[in-house]
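User: Hi! I'm new to this one and would like a friendly walk through it. Could you show it to me?

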Amino acid sequence: MTSRNESDLDDEDNDGLGHEDADASGDGTHRAGLVAVVGRPNVGKSTLINALVGYKVSIVSQRPQTTRHRILGIDTRPHGQIVFVDTPGLHSDGKRAINRYMNRAARSSLADVQLGLLVIEAGQWRDEDEAAFGVLRDSGLPRALVINKVDKIRDKTALLPFIAQVAKDRDFAEVFAVSAEKNKGLDGLRRRVLALLPESPPLFGEDEVTDRSERFLVAELIREQLMRQLGAELPYAAAVNIESYAEEQRGNKAPMLRIGATIWVERDSQKAIVIGAGGQRIRAVGQSARLAIESQFERKVFLELWCKVRDGWSDDEASLRGFGYAE
Ligand SMILES: Nc1nc2c(ncn2[C@@H]2O[C@H](COP(=O)(O)OP(=O)(O)OP(=O)(O)O)[C@@H](O)[C@H]2O)c(=O)[nH]1
């Protein structure tokens with residue numbers, strides 16, 4: 001479980017999100033519930049949840065299938081709490097154990113939630129969107145549609161016929177057009193999603209932002225840099241495992257996090273790519289990951305990275321569990 005830093009709360013006060021949207025009914029009712037965010041890979045599910053929660057609970061990259069786990073992002077307001085469930089993008093590649101794990105994690109996230117949000121990209125409705133919609137429809141949950149990345153559409157009038165076409169006969173309780181990246185349309189989404197949730201006391205403490213530990217978030221921030229810096233060159237089968245994680249007291253100074261992590265790949269050739277000439281790649285990844293961890297956790301960080309090979313880990317259930325891919 002990871003909680004906000006005090007300064008994050010300050011940021012929230014300053015980010016213009018305000019609290020006028022908190023009490024949707026205006027009658028002092030407190031609402032709370034779980035909302036699954038589903039969709040094909042790369043439509044912006046993680047970006048959306050991070051923007052709504054005001055904290056990076058889930059990593060983001062241009063590469064499809066960045067999110068591999070079910071992660072909660074908790075948005076707490078005075079009159080309501082929305083617990084977003086981020087899910088790996090639903091995809092049709094079920095060949096390897098890791099892909100099956102990701103699809104399982106996405107589907108199981110629909111259990112015990114009150115609402116499903118289907119995220120799509122403005123102007124696009126692909127077969128994989130239809131498949132993700134099918135999973136949501138079969139769950140029997142109330143559902144809403146989030147059309148993301150509207151900033152990419154120059155001619156906004158083109159959105160109306162698109163919305164009409166996609167929403168027709170699909171029974172969405174609400175349709176939202178937003179830009180998660182530009183923070184557009186999110187207040188309205190939050191307000192109306194909250195109104196669809198049942199009356200309930202908060203499900204989590206007001207400072208809690210995610211069910212995941214700091215250690216987990218650290219591994220993810222390292223994986224994010226790998227995905228960003230190696231781009232298409234990164235072997236798809238790269239996992240990050242935290243070997244050591246210790247907080248060191250430093251007299252009067254703020255404590256320091258000393259972290260050791262291993263990047264696991266499947267072949268020597270992949271290891272060479274991750275390490276780069278003279279170790280330059282892995283150093284750059286380590287440096288950016290360290291800065292990202294320092295800024296997220298507001299502590300000095302000492303980060304040591306290794307790259308090791310374990311043949312076939314992504315198709316081996318036992319290795320997957322060892323790397324934290326367990327439900
Ligand atoms: N232009 C634009 N880009 C966006 C927006 N939201 C997300 N993106 C970009 O879309 C890409 C994918 O975003 P993610 O949040 O990782 O998408 P995801 O659906 O969680 O992806 P998976 O982990 O593959 O399921 C990233 O490059 C984001 O920066 C948006 O509102 N506008």
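Predicted model: local features only at pLDDT ≥ 70, side-chain atom pairs only at ≥ 80, totals over all residues.

**A chat about the strands and domains**

Analyst: Let's begin with a pairing: strand β2 and strand β5 (residues 115-121) are joined by 4 bridges and run parallel. Helices (H or I, at least four residues) and strands (E, at least two) are DSSP runs, numbered from the N terminus. Two strands pair if DSSP finds at least two bridges between them.

User: Which strand does β2 pair with over 7 bridges?

Analyst: That is strand β4 (residues 80-86), and the pairing is parallel. V37 has D86 as its bridge partner in β4, and L117 as its bridge partner in β5.

User: How many residues of β2 are buried?

Analyst: In β2 (residues 31-38), 8 of 8 residues are buried. Buried means that 20 or more other C-beta atoms, placed from the backbone, lie within 10 Å of the residue's own.

User: And what about its two faces?

Analyst: Both are covered: R31, G33, V35 and V37 are buried on one side, and A32, L34, A36 and V38 on the other. In a regular strand, side chains alternate between the two faces of the sheet.

User: New topic: what domains is the protein divided into?

Analyst: Domain 1 covers 2-209 and domain 2 covers 214-322, with bounds from an automatic or database domain assignment. Their contact takes 11 residues from domain 1 and 15 residues from domain 2; two residues are in contact if their C-beta atoms, placed from the backbone, lie within 7 Å. On the domain 1 side, helix α3 (residues 97-108) gives the largest share, 3 residues.

User: What is the strand order in the open sheet of 3 strands?

Analyst: The order is β9-β10-β11, with mixed pairing. β9 (239-250) and β11 (300-309) are at the edges with a single partner strand each, so one side of each has no neighbour in the sheet.

User: How do β10 and β11 pair?

Analyst: Strand β10 (residues 253-265) pairs with β11 in the parallel sense over 10 bridges. A261 has L305 as its bridge partner in β11.

User: Which helix lies across β10 and β11?

Analyst: Helix α9 (residues 280-297) does, running at about 140° to β11. Such angles run from 0 to 180 degrees between N-to-C directions, with axes fitted to C-alpha atoms, for helices over the stretch in contact.

Key. Residues numbered from 1 in each chain as written. Buried ≥ 20, exposed ≤ 12 C-beta atoms within 10 Å, placed from the backbone.
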